[in-house]
Amino acid sequence: MEQEATTPRALWLLVVAAPAIVAVEQQANYVLVRQACSMQRNVALYAVVVIAIVLTIVTALIGGSIWRRTGTDWPTEAGDLANRIRFISVLGILSSAMSFLVIVAQGIATVHFDPCQL
């Protein structure tokens, strides 16, 4: 019986991690905005944005590291395991890049607007 090589399931976390960071960042800012308004301090909101940016960058760096380890060729239509890993790592890098842009856009709004403007 021949066993087909499949992509490690843990790699898929790379694709989902950055959007999950965006969701947690949005939820944390939503919870903290009333407290920031009542205390007139935005430090907690800024901290959430900075932490989310750092975590998203780390996720992209992990994807880049995996991509470099399996070869820096662009993924093709071949069905081998290394090509699958390259595809998922590139997908994770692109997911992190898009999530990074969303977090930066929300960070700009956090810096520009007062938390009491509802």
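Predicted model: local features only at pLDDT ≥ 70, side-chain atom pairs only at ≥ 80, totals over all residues.
**Helix 2 with helix 3**

- The angle between helix 2 and helix 3 is about 165°, and their axes lie 8 Å apart.
- Helix 2 and helix 3 cross in a left-handed sense.
- Sorted by class, their contact holds 16 nonpolar residues, nine polar ones and one charged one.

**Helix 1 with helix 3**

- The crossing of helix 1 and helix 3 is left-handed.
- On the helix 1 side, the contact is made by W12, L14, V15, A18, P19, I21, V22, E25, Q26 and N29.
- On the helix 3 side, the residues in this contact include I88, L91, G92, S95, S99, V102, I103 and T110.
- The contact of helix 1 with helix 3 brings together eleven nonpolar, nine polar and one charged residues.

**Helix 1 with helix 2**

- Helix 1 and helix 2 pack at about 175°, and 9 Å separates their axes.
- By class, the contact of helix 1 with helix 2 has 16 nonpolar, four polar and one charged residues.

**Helix 2 on its own**

- Helix 2 takes in residues 43–69, a run of 27 residues.
- From its first C-alpha to its last, helix 2 reaches 39 Å, close to the 39 Å expected at 1.5 Å a residue.
- The buried residues of helix 2 are L45, V48, V49, A52, I53, T56, T59, G63, G64 and I66.
- Helix 1 and helix 3 are among the parts that cover these buried residues.
- A44 also lies in helix 2, and this residue is partly exposed at 37% relative accessibility.
- A44 and A28 are 16 residues apart in sequence, with 9.4 Å between their C-alpha atoms.
- Just after helix 2 comes G71, with a positive phi of about 105°.

- V90 belongs to helix 3 and is buried, with a relative accessible area of 9%.
- V90 and A44 are 46 residues apart along the chain, and their C-alpha atoms are 33 Å apart.

**The loop between helix 1 and helix 2**

- Q40 sits in the loop between helix 1 and helix 2.
- Q40 has a positive phi of about 55°, although it is not a glycine.
- With 53% relative accessibility, Q40 counts as exposed.
- N42 is found in the loop between helix 1 and helix 2, and N42 counts as buried at 18% relative accessibility.
- Setting aside residues up to four places away in sequence, N42 touches A36 and P115.

**The segment after helix 3**

- C116 lies in the segment after helix 3.
- C116 is partly exposed, with a relative accessible area of 29%.
- Beyond its neighbours within four places in sequence, C116 is in contact with C37 and Q40.
- C116 and E77 are 39 residues apart in sequence, and 52 Å separates them in space, C-alpha to C-alpha.

Key:
Residues numbered from 1 in each chain as written. Heavy atoms only, no water. Left-handed = near helix turned anticlockwise from the far one by under 90°. Helix = DSSP H or I, 4+ residues; strand = E, 2+ residues; numbered from the N terminus. Contact = heavy atoms within 4.5 Å. Nonpolar A, V, L, I, M, F, W, Y, C, P; charged D, E, K, R; others polar. Expected span 1.5 Å × (residues − 1). Buried < 20%, exposed > 50% of the residue type's maximum accessible area, 1.4 Å probe, protein only. Axes fitted to C-alpha atoms, helices over the stretch in contact; angles between N-to-C directions.
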